[in-house]
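Dear colleague,

Please find the structure below, handed over for your study. My findings follow it.

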Amino acid sequence: MTPGADADSTALMIAGPAVGGPAASGPAVSARGVVGEPAAVPSVVVPGVTVAGVGVPVTVLACAVALYALARRRTAGASAPAVIAVAAATAGVVAGVGASPRIVAACAALAFGMGAALWALGRSRRRRAAVREGSAHYFLQAPAVSRHAAREERTRFAAELHDVVAHRLTGVVVSAGAACRLDDPELRAEALRHAGEAGRAALAELDALADALDPPRSLRDLDVLVADRPSVRYTRSVAAATETSSALAFRVLREALTNAGRYAAGAPVRVTVDADGRDLVVDVQDGGGAPTGKGLGSGSGLDALRRAVAAAGGRLDAGPDGAGWRVLARLPDAAPAPTSVGEPPIGDGPARPALGPRGTLALGAALALLAFALPLGAGLIPAGGPDVFAASGAARGLLAVLLAAHAAPLAFRRAMPLAAPLTASAALLAWLACERLGWTAPHSTDVLLWCWWGDLVLVGSAASNAPSGLRARRTWPVPVVVAAVAGLALAGDGVTEPLLAWAVFTAGCAVPALAMWALGLRAGSRRRAVVAAEESRRDSVERHAADAARAERLRLIRGLRDTARARVAAVVAAADRGELPAVLAEGRAAMAVLRELLAELRADPGSDDDPPPTLAGVAGLAARHRAATRLTGEVRPFPPAVEVAAYRAVEALITDEARIGIHFASDALEITVTGAHEVAPPRGLRAMVDAADGTVTVADGGTVRVWLPGTVRT
C-alpha cells in the first residue's frame, strides 16, 4: 500500500480472487445450458458456462487490461462507456453460444461489476499520479513563490503610495502655481495654508503606509474629500454602501479629482454618487482646461484603479467627454459574495458535481456495483447448492433489493465510516429475517461469501476514516458486530447447538474482520502522516513567502523615508516659513521623486519570470493579461496539487482583459473565467481537470467554470 492510500485502495483486490471461487465449483453448464460434464472440445469454463475455444482467457485478460488502461489514460466521459460495451459484448457472446437467459444475465452482471471495478481502479491510479505530479511541481517551484511574494508586495506598495500621496501633492502644486502666477496676497495665503495642511496630511498618510495601516472607508469620506474644493459640484443620493464599495468609490473620486487638478486646472467639476439598481455609481466630469504642468503624473493610476474595480466585480470607464474628461465607475453594492458550497462567484449555476468529486464517486459506485453484481451473478448461476432465485418473482425481486441495500453503503463509506458497515450488517439481518418469514428462498453460503467481502471493506474504511473527534482504535466494535452478524448468517437452521455454532462461526469471521480493521488503522495512520508532512512543507513555503514580502516592504519603507517623505517634509517647512516659491519648487521636486520611485517599483527586473503555479501566482498571471481577479469565500491555502491544477486551468483559459473569479468553498475551489473563449475550452484543459477529479462546464458568452475538489484523496 502506497503512502496516502487507505484500506479502500485494496478493496477491489479483495474481490478479485473470488472470480474462480465457490460459484465456479460443481458441475459446469454446457453451451446448451444443460448441467453435466464439460464438452469434449478444448474449452474454458466461465462461471457456470462452458465456452468453446482456448482464446477466451486471452480475450478476457485483454479486455481487463484495456479497460484499466483506458480509465488510466482517458477522461471519465471517454472511458466509462467502455464498461457498458464490455458487459453488453459479454452478454452477446454468452447468448450466442446458446446459454439460457438466466446465465446470460449472470455473466452480464459479473462482467459489468468487474469492468466497473477495473475502471475505478484506473481512475484512482490516474488521480494519484496527478496528485504526485502536482505536489512535486509545487515544491519544485517553492523559490519562485518567495520571489513572487516580494514582487507582489512591491506592486501593492506602489499602488498604495500612488493613492495616498499623489493627490495631496498635486493639489499643493496646482494651488501654489496659481497663486504665484496671480500674485494675489489672499490667494498666496490660502495656497500656503493649503500646502501646510496637505503636506501634513501627506506625511500622516506616508507614516500610516509605513505602518501598513489601511483605514476603513465610508461614503462620508467622499464628502470630506470634496469639502475643500469649491469648484466641485457634488451630489450624493446614497446613504450607505458596503465597505468594499465605499473604499473603491473613495479611490475613484480621489484619482478623478487629482487628474482634473493636473490636466484641467480651474475647470468646473461635477461629481455624482448615485445608485442604479444594486450598483453604486460614481460619476466625475470636468469641463476641460489646460494642464498645470508637465510630469505631474505617472500615467498608471487609472489602469491600476480599473483593475481594482474589476476585481471587485465592477467596471470603470474613463475617457474624453465633450471638451473635458469623464470617469464613470459602477461598483457592486450588494451583500458580500456567497460562501456556500456550489455557488460560483460569477455567472449562473454551480460548476461542481451534484454529489462530489468524480474519483470518490467513481470508486464508491464501482465498489457498490461490484458488491451487488457478484452475489447476483453467483446466485443466478447453478452451482449445486441452494438456488436463492428459485422462488417466485416477488421473492426474487425482494432478494435483489436486499442485495442492493447491502451493497449501497460502499458508496458512502467515507462520508459515514461508522454508519456504512452497520447499515450493511442491518441489510444482512433483514435478509435473514425475510428468509425466516418465507419471503425469500433459503440463502446459499456461496452467495453469502460473495457478499461478505464488502463488509470487510467497510470495516477497513471505518478504521481508516474514523470521524474527527474519535480515535481510530475506538472503532473496534465495528469488526465485532460485522463478524457476529456473519456468524449468525453462516450458522443457519438445522444445527443442534445453534448458539455454539454461532460462536464458532463468529470467531472464524472475526479473524479476517479484525485483520482488515488493523490494515485500515495502518493505512489511515500512514495517510495522515503523509498529509501532515505535506502540510508542514507547504506551511514552510508560505512562511518563507511571507518573510520575503515583509522584508521587501521594510526595504521600501526605509527608501520612502529617505526620499518621498523628506521631500514632503520640505514642502511643509517651506509653507511654515511662508515661502510660496519654495513650496512650489519643493512640491514639484516631491512629485518628481514620487514619480521616479513609482517607476522603479513597477520596473521589476523579475517581472518576466513565470509566476509560481499557485493560487497566489494567478494574480501575476492576470497582471500580464490585464485581467481582473476576484477572490470570494474564505481565502485560505489548498493542497499543493489543487493549487497547481487551479493555476494551470487559469493559464489555459486566460485571455487579455478576461475576468477571473476564484471562489473558496468549504470543500472545493471554483474558478470562473469570463471572456476566455467563444468556443469550447482546450481539450488539454478537460484532461488535466479530469485527472484532478474536477469538472469543466461552459456557459454562454465564453464563460468557463472549473470545479476542483478541496482534497487530494483517491
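**Strands E5 and E6**

Strand E5 and strand E6 (residues 269–276) run parallel and are joined by 5 bridges; two strands count as paired if DSSP finds at least two bridges between them. Helices (H or I, at least four residues) and strands (E, at least two) are DSSP runs, numbered from the N terminus. Arg 236 has Val 273 in E6 as its bridge partner.

This is a predicted model, in which local features need pLDDT of at least 70, side-chain atom pairs count only at pLDDT 80 or more, and totals for chains, interfaces and linings use all residues. Residues are numbered from 1 along each chain as its sequence is written, and side-chain values use heavy atoms, with hydrogens and water left out.

**The sheet and a helix**

E5 and E6 belong to an open sheet of 5 strands with mixed pairing, in the order E5-E6-E7-E9-E8. At its edges are strand E5 (232–236) and strand E8 (315–321), each pairing on one side only. On average, neighbouring strands of this sheet are turned by 10° against each other, direction ignored. Helix H7 (residues 220–227) lies across E5 and E6 and runs at about 165° to E5. Axes are lines fitted to C-alpha atoms, for helices over the stretch in contact (heavy atoms within 4.5 Å), and angles run from 0 to 180 degrees between N-to-C directions.

**The whole chain**

The chain has 20 helices and 14 strands. Of its contacts with a separation of 6 or more, 75% are between residues 24 or more positions apart.

Yours sincerely
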